[in-house]
Structure formats: structure tokens, C-alpha cells
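Here are my notes on this one, for someone opening it for the first time. Have a look at the whole chain, then follow the points below.

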Amino acid sequence: MTSDWCGWPVVDEATGWETAQQVLTDAELSDGLPLVPPTRRRLEAMVAGIADRTAAHGMMPPMFGELTPESVAYQCAIAGCQPAELPVVLAAATATLEPDFNLLGIATTTGTACVALCVHGPIARKLGLNAGTNCLGPGNRANASIGRALQLVIRNIGGARAETGDMATMGQPGKYTFCFAERSDGPFPTLSARRGLGADASAVTVMGVSGTAEVLPDDGEGATPEAILSPIVTAMRAGIVMSSIHRKNERGEQVVLLPLEMVQKIARHDGWDLARVQRYMFEEGHGVARSADAIHPILTGGAGYKMTYLPIWGGGSETVTRRV
């Protein structure tokens with residue numbers, strides 16, 4: 001056994017499973033779930049093809065560990081990622097370093113904030129990420145492992161460990177993994193396209209969110225755009241009150257996940273394009289966001305009428321989209 005991969009232990013191929021788990025736990029690398037043993041073979045395979053394995057991508061709060069392809073690769077390996085998934089995790093981790101994202105606040109708050117990751121475009125399809133039924137839940141290795149790797153990066157490189165950097169009173173399950181893909185088969189432009197990356201760009205968006213909330217249409221089935229969108233606005237208003245943002249003068253962004261059936265129902269009505277959807281929620285909400293285009297509907301999920309509201313952390317965070 002050696003300790004020469006970014007200062008973390010590399011276990012021998014012959015090391016038993018239980019021993020490897022104890023080694024990683026003793027090194028304070030564990031999130032509490034079993035970890036894939038980081039053997040030399042796995043780690044070298046993870047960074048194969050990376051031009052500069054030690055390139056500095058920045059210092060990650062709260063304890064400001066250095067973000068490099070090698071350090072991120074280690075987290076990808078123990079999270080169960082495939083080598084092709086490293087660029088996604090690295091792009092997402094780098095995106096969290098944008099000042100307006102406020103990773104320091106998200107990582108250290110006593111609240112329930114966590115980093116959610118949305119993957120866009122061909123890379124999501126190539127890696128087999130789930131943008132369908134149960135896209136936020138269990139059952140897909142790519143979603144689970146990529147999301148978990150990003151959380152391990154924040155924990156093990158950033159240093160957001162319980163009672164050290166992470167001071168959450170209760171936390172939330174999204175701190176284990178929170179990763180899903182955006183669908184590209186709907187009538188509205190994708191989020192990555194709206195942000196100028198092109199209609200079919202491979203990209204990631206990181207979001208500092210406080211949790212999830214299920215939202216249903218007013219009439220149960222969503223016969224009109226208003227019946228679909230009004231409950232979302234109600235959820236946004238409630239989220240503002242619950243997070244105490246109502247005490248602040250400024251407003252930020254809003255994110256809502258819409259299934260294909262709901263988006264198609266909206267688009268069947270004349271004039272209801274994406275801009276009108278955003279404008280309706282902005283005007284109906286009387287200040288739920290700083291502007292209409294700061295409300296971000298994202299198409300994802302399987303069949304059904306259930307929508308999901310992702311309240312942005314009340315402490316202040318801007319979503320960040322980066323090309324992979």
C-alpha cells in the first residue's frame with residue numbers, strides 16, 4: 001500500500017474489501033457508503049488521455065484544497081465512475097468555483113444546501129445518464145456515481161466534512177448524490193442552448209439548492225398553461241418565505257423541472273413559448289426572481305404530471321453552466 005496519489009492512499013490489488021474500506025475511512029475519505037478501492041490500475045485508467053494531470057483548476061472552499069484532474073480522478077474512482085465520466089465531474093467541480101455560485105456558503109451553511117448537477121447534450125446520452133423515469137432517484141449507475149463523485153470532491157478536496165467545514169444542522173440526502181440529465185426532445189430550447197452554448201452542446205449546470213418539492217397542476221391534469229404554472233409560482237413564493245429571502249431586497253434565480261407531458265401541454269396553446277412561460281411565472285409571482293429569464297424550466301423525467309421545484313439556497317447562489 002502506498003500514499004502517493006495526491007497524498008491519499010492507493011491500495012494494492014490484493015487488499016481485501018474490508019481492509020480497503022477501513023483504510024479509506026481512517027483517511028477520512030468516506031461519505032459513509034462503501035467505496036470502490038482506489039488501486040493504481042483504476043486510478044491510472046481514470047486519468048488516461050488527460051493531457052495535464054496536475055493542472056491547477058483552482059482552490060476549492062471551504063478548506064481550499066487544490067482542484068486538479070488527478071485529485072478529481074481519485075474521487076471519481078472511489079465513487080464508482082467510469083473514466084469517460086471524469087471530464088463531466090471535473091467540469092462541474094470547476095463550475096462550483098465561480099464566485100457567484102458561492103460554494104463557500106453552500107458548503108458551510110447550517111442549512112440544507114447541496115450542489116445539484118444537471119448534464120446536458122450528447123455527453124449525457126453517451127454516458128447513459130437518466131433523464132427519464134425516476135431521474136432524481138436510484139437505479140442508474142452513471143447518475144449515482146457522477147453525482148456522488150462531485151459530492152466527494154466537495155468533501156475530500158474542498159474539506160466540507162461534518163463539524164469541520166460542513167456545519168449543516170441536518171443536511172439532506174442530496175449531499176450523497178444529486179445528478180440528472182436534461183432531455184432534448186421537447187419544444188423549448190434546452191438550458192445550455194439558452195445560455196449560448198449551442199443547441200447540441202455537451203455541458204453541465206451546477207445549482208445550489210435547498211431540496212426538492214413535488215408540484216401538481218391545479219386541475220390535476222394540466223388542461224391549461226395557467227393550471228400547470230400557477231402551482232409552481234405558489235411553490236416559489238412559499239420557498240422565498242421558508243428560506244427567509246423575503247427579508248432581502250434582491251431576488252435571484254428559480255429552477256423547476258418539468259416532464260415532457262407538461263411541456264407539450266403548454267406548447268399546444270398558441271403563443272405559449274418558453275419566453276411566455278417565464279414571463280407568466282415572473283409576473284404572476286410578483287418578484288419571485290430578478291427577471292423573467294432568471295426562471296429556468298428544465299425538461300427531464302418520465303411519464304406523468306408531477307413537476308419538481310428546486311429552491312435555490314436562500315443564502316444566495318447563482319447557477320453556473322459550463323461546456324464539457
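1. Start with the contacts. In this predicted model, 77% of the contacts in the protein chain with a separation of 6 or more are between residues 24 or more positions apart.

2. Next, the overall build. The protein chain has eleven helices and twelve strands. Its radius of gyration is 20 Å, close to the 20 Å that the globule rule gives for 324 residues, so the chain is as compact as a globular protein of that length. The C-alpha trace spans about 65 × 40 × 30 Å along its principal axes.

3. Of the 324 residues, 54% count as buried. The accessible surface comes to about 13700 Å², and carbon and sulfur atoms hold 52% of that.

4. Then zoom in on strand S9, residues 254–258. Five of its five residues are buried, so S9 is largely enclosed by the rest of the structure. Which way do the residues point from S9? Gln-254, Val-256 and Leu-258 point one way, Val-255 and Leu-257 the other way, and all are buried.

5. Finally, the partners of S9. Strand S10 (residues 295–299) runs parallel to S9, and five bridges join the two; here Leu-257 has Ile-298 as its bridge partner. Strand S11 (residues 307–310) pairs with S9 in the antiparallel sense over three bridges, with Val-256 standing opposite Tyr-309.

How values were computed: Residues numbered from 1 in each chain as written. Predicted model: local features only at pLDDT ≥ 70, side-chain atom pairs only at ≥ 80, totals over all residues. Heavy atoms only, no water. Helix = DSSP H or I, 4+ residues; strand = E, 2+ residues; numbered from the N terminus. Rg over C-alpha atoms; globule rule 2.2 N^0.38 Å. Buried < 20%, exposed > 50% of the residue type's maximum accessible area, 1.4 Å probe, protein only. Contact = heavy atoms within 4.5 Å. Areas by Shrake-Rupley, 256 points an atom, 1.4 Å probe, with all protein chains shown as cover. Pairing = 2+ DSSP bridges.
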